[in-house]
Amino acid sequence: ARRWRLAAVLVPALLNLTAAASPSDCETLKGETLRWIVPNSPGGGYDTYSRLLQPFLAQELEATIVVENRSAAGGLVAAAAIRDAAPDGKTIGIINAAGLLAARLDGSTLHPATDFTVLARLLRNRIVLLTGRESGIDSLDQLLGVAGRRPIVIGVRDAGSASIVAVPVIAELLGMDYVLVTGYVGNTARILAVVRGEVDLIVQNLDSTRRFIEDGTVRPLLQVTGVEAGGEAGARDPIVAGIPVLGGETGVAQQRARLTGRSVEQAKKRADSLASLVDAGRLVVAPPALPDQLRRCLEVAVGTVLRSPGLQAAADRAKLRIEPADAANARADIRAAAEALVDFAPLVRATMQRARQ
């Protein structure tokens, strides 16, 4: 009799839990038009991923999804538009967690963990140091040789960008003096700058510059990535096979620290902290205060799409990575990234000030 009483309690509870996580809870979105907000212009990396996802998510939700590009202020305008939208499930989008955290060092109040409803992580970022094909710099060793004679000129977007975080940390770990040139808005502008020889290096997301690496326009010299994303001997992606990795037990940061008599442990910590920040990745988010039932339904719908064979096949054809994580894991990554940023916040703030001079 006890077992029957227990079943009478548990079965309805389990049915309620299943129902709470079912995509059918998105019934209120069926037939509606949803906005998907993108933090860059058409043709950029975030836009490309957004348009890849668009038809799959529209089918899953049985809704129309309109991609809306808002490229101003390094993604902050787009992020604010998502944050400030009504929490009705009709506005979602993509943000760069590392970029928003970096912007907080420059006065932004946006926080990727608390100002949004995180639905999933689309992929981790992989940052690479790139030079132009005519630069005469064919390897990291050659770069360090040039750095021994003069400061290295590095092109970045603006003083609040994620690359502004990476540049001073990488330069410190390599023992390299540098000059920043800001104002290169968009991947194409930075690629052209390094190809024309206006700058020696740019710091870019691997996925946004893949085709330029493949055709030889630019050359990767160094990877900034966590062990989980690539392994200490180099990322699994064949396009960067053999390219040195900054962090990890056998990374360049530790090697340079030994050569220059600096703390090996501190160098490893800094390199791994930077990788943690970068690895927070690109998140699919909605406005805060989304009703629980709607939040659960969108988490399920987005997660289903990100793990679907159809989307993966489309991504493979487009040579795009998909590295999905559910909302809980994505939020954990953001917390780790925020903690990592504390390690070098003073260095980054000094660099932002330097960029404005």
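Okay, let's start at Glu-214, which is partly exposed, with a relative accessible area of 43%. Keep in mind that this is a predicted model.

So what does Glu-214 pair with? Its side chain meets that of Lys-319 in a salt bridge, 3.7 Å from N to O. Glu-214 belongs to helix H8, residues 206-214, while Lys-319 is in the loop between helix H13 (309-317) and strand E11 (325-326), so this contact ties together parts 105 residues apart in sequence.

Now, how many salt bridges does a search of the whole structure find? There are 25. Let me pick out a couple more.

Next up, Asp-237 and Arg-126: here the closest N and O atoms are 3.6 Å apart. That one links distant parts of the chain, with Asp-237 in the loop between helix H9 (227-230) and helix H10 (252-260), and Arg-126 in the loop between strand E4 (117-123) and strand E5 (127-132), 111 residues away. Are these two buried or exposed? Both Asp-237 and Arg-126 are buried. They also sit in a network of salt bridges, along with Asp-207, Arg-210, Arg-321 and Glu-323.

Last pair: Glu-62 and Lys-30, whose side chains form a salt bridge at 3.7 Å, N to O. Glu-62 is in the loop between helix H2 (45-61) and strand E2 (64-69), and Lys-30 in the loop between helix H1 (2-20) and strand E1 (33-38), so parts 32 residues apart in sequence get tied together.

Conventions
Residues are numbered from 1 along each chain as its sequence is written. This is a predicted model: local features need pLDDT of at least 70, side-chain atom pairs count only at pLDDT 80 or more; totals for chains, interfaces and linings use all residues. Side-chain values use heavy atoms; hydrogens and water are left out. A salt bridge is a side-chain nitrogen of Lys or Arg within 4 Å of a carboxyl oxygen of Asp or Glu. Helices (H or I, at least four residues) and strands (E, at least two) are DSSP runs, numbered from the N terminus. Buried means under 20% relative accessible area, exposed over 50%, partly exposed in between (1.4 Å probe, protein chains only).
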